[in-house]
Amino acid sequence: MSAFDAFVRSAPLALLGSVSARVHEVTAVDEIVRRPLPVSRRIGFVQARGGAGASSTAGYVAALLARRRPGLVLGVDASRGPRGMLWQAGAPAGSNAAPSSRRRTARRSVDAVDGLPRTPSGLYALSLDPRGESRAVAAAAGWYDEVTPISRFFDLVVTDWGVRDWRADLTDVVSASRTVCIVARADRHAAEEAAALVPAIKDHPDRPEVVIALVDVGDAGRAAPVTVGDDPTVPVVRVPYDVARSGGRPVSSAALGTRTRIAYARLAAALLPVDVPSVRRATPSVEAPVAGPAADEQRPSERRRARGRDARPAISDDQEARR
């Protein structure tokens, strides 16, 4: 019996509700999480305001993906916060990645992981501010310098971008991500603010996928919105309040509540394509064609020169809320 099967079987029946339906759902989620991908996929977590739980969400999801997938998974901390995603994922203190010329000129996976620490879940860790010298978020250019030479050797590259202002550098973040996860607090105002970012992100020339994660960081309970946005193609995943996350130290997924672990599994599945070329399904794929390596690894500045600097879409501020 796998650890995931054991987790499902040990969940309280009252919590899981209809056992057969819930087991079917969780099994389907796990199948999506473990499914091979034809090309490397980049997932970016971002929040419009601080305190939404983006780092903890990115850390737990990245650790889950690294634990469940057979391929390599890279976690990149571009938030420069004191408790970024790598800390949340269990990276040992002081285990920052050492500079490596082998990574800059990587030809094999062993070169790509040279000098990178690894968490207990198997997640490779890369901090864009290893000495903690700056409190500002890392520039997208730094991400491209460090990640582009090695990204193709990883199944997934999960980045915590921290708090980003859509008027300044959200476009660069979107350019570096195949899937963007907007993390917001589970209250009406924050949910509407997250929904308002969706049109601008989806209208980006790279056409990224968008997922919204609403995190209950203050035990808001019934204050969480019932519906979010007006785009039925954007999944909305709610992460419940968990007292285990409120401590001053990172905790393993085993210490989290069952509802929380199920929510993270749902979010991980929502961030991955449902259909891939190697798997036939009854439902047609909605996955947009993935650009080749040359286009995918192009810097944001080069893309802007190619399409003009006025290509950044405007963001509507009158979005209604829906699920």
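How many bridges pair strand 2 with strand 3, and in which sense? I found four bridges between strand 2 and strand 3 (residues 124-127), in the parallel sense. My rule for pairing is that DSSP finds at least two bridges between the two strands. Helices (H or I, at least four residues) and strands (E, at least two) are DSSP runs, numbered from the N terminus.

**Ground rules**

I am working on a predicted model, where local features need pLDDT of at least 70 and side-chain atom pairs count only at pLDDT 80 or more, while totals for chains, interfaces and linings use all residues. I number residues from 1 along each chain as its sequence is written, and my side-chain values use heavy atoms, with hydrogens and water left out.

**Overall**

I counted 13 helices and seven strands in the protein. Of the 323 residues, 47% are buried; for me, buried is under 20% relative accessible area, exposed is over 50%, and partly exposed is in between (1.4 Å probe, protein chains only). The accessible surface comes to about 15600 Å², and carbon and sulfur atoms own 52% of that. Those areas come from the Shrake-Rupley method with a 1.4 Å probe; for residues, only the protein chains shown count as cover.

I also looked at contacts (heavy atoms within 4.5 Å). Among those with a separation of 6 or more, 78% join residues 24 or more positions apart.

I read the strand order as 3-2-4-1-5-6-7, an open sheet of seven strands with parallel pairing. Neighbouring strands are turned by 20° against each other on average, direction ignored. For angles I use axes, lines fitted to C-alpha atoms (for helices over the stretch in contact), and the angles run from 0 to 180 degrees between N-to-C directions.

**Strand 2**

Gly75 has a bridge partner in each neighbour: Val158 in strand 4 and Ala125 in strand 3. Val76 stands opposite Leu126 in strand 3.

Which residues of strand 2 lie on each side, and are they buried or exposed? I get Val73, Gly75 and Asp77 on one side, Leu74 and Val76 on the other, and all are buried. The general rule is that side chains in a regular strand alternate between the two faces of the sheet.

**Asp77**

Leaving out residues up to four places away in sequence, Asp77 touches Gly84, Met85, Leu86, Leu126, Ser127, Leu128 and Asp160.

Helix 4 lies across strands 1, 2, 4, 5 and 6, at about 175° to strand 4. I find 14 of its 15 residues buried. Helix 10 (residues 188-202) lies across strand 5 and strand 6, at about 165° to strand 5.

**Ser246**

I found Ser246 in the loop between strand 7 and helix 11, exposed at 52%. Its C-alpha atom is 9.2 Å from that of Gly218, 28 residues apart along the chain.
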